[in-house]
Amino acid sequence: MEQFRRLFDKLDQNNDGFISKGELHNEMKRHGILSADGKVQNVIDSYDQNQDGLLDYTEFLSYMMDREKKWKIHFEDLDRDHCGVIDQEDIVSLFQQLGVVITKTSARQIIQM
């Protein structure tokens, strides 16, 4: 939970105890999320419980917990041999399911990226 608190504090650029649409938008843009406008509005609409147009820490935490669950599900889907690591074999298998043949060297490069 401490990592979520640190992220909240980083996003709360004016230190007012809330994350505004503008603050969230700026951070998404800074990280190269091109469709930030729609994503920000979706996050606010979905998690702003009191509908004040801002995310307080509890609302932000709810968003992050939902995201973490989704990431865990995706990780478990990719980790075919359930070893706790996504390795070359997992990447090759994923691409095969998509109808794309890649080498282990290419899979290793993907992991390194």
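## A tour of the aromatic pairs

Start at Tyr63, which is buried, with a relative accessible area of 17%. Buried means under 20% relative accessible area, exposed over 50%, and partly exposed in between (1.4 Å probe, protein chains only).

A word on what is on screen. This is a predicted model, where local features need pLDDT of at least 70, side-chain atom pairs count only at pLDDT 80 or more, and totals for chains, interfaces and linings use all residues. Residues are numbered from 1 along each chain as its sequence is written, and side-chain values use heavy atoms, with hydrogens and water left out.

Now the rings. Rings of Phe, Tyr and Trp (its six-membered ring) pair if their centres lie within 6.5 Å; planes under 30 degrees apart count as stacked, over 60 as edge-to-face, the rest as tilted. That rule gives three aromatic pairs.

Select Phe8 and Phe60. Their pair is tilted, at 5.5 Å centre to centre with 55° between the planes. Phe8 sits in helix α1 (residues 2-11) and Phe60 in helix α4 (residues 57-78), 52 residues apart. Helices (H or I, at least four residues) are DSSP runs, numbered from the N terminus. Both Phe8 and Phe60 are buried.

Tyr47 belongs to helix α3 (residues 36-47) and Tyr63 to helix α4, 16 residues apart. Tyr47 is buried, at 14% relative accessible area.

Next, select Tyr57. Ring pairs join Tyr57, Phe8 and Phe60 into a cluster.

Last stop: Arg5. Arg5 lies over the face of Tyr57, 4.3 Å from the ring centre. A charge counts as over a ring if NZ of Lys or CZ of Arg is within 6 Å of the ring centre and within 35 degrees of the ring normal.

Terms used:
Helices (H or I, at least four residues) and strands (E, at least two) are DSSP runs, numbered from the N terminus.
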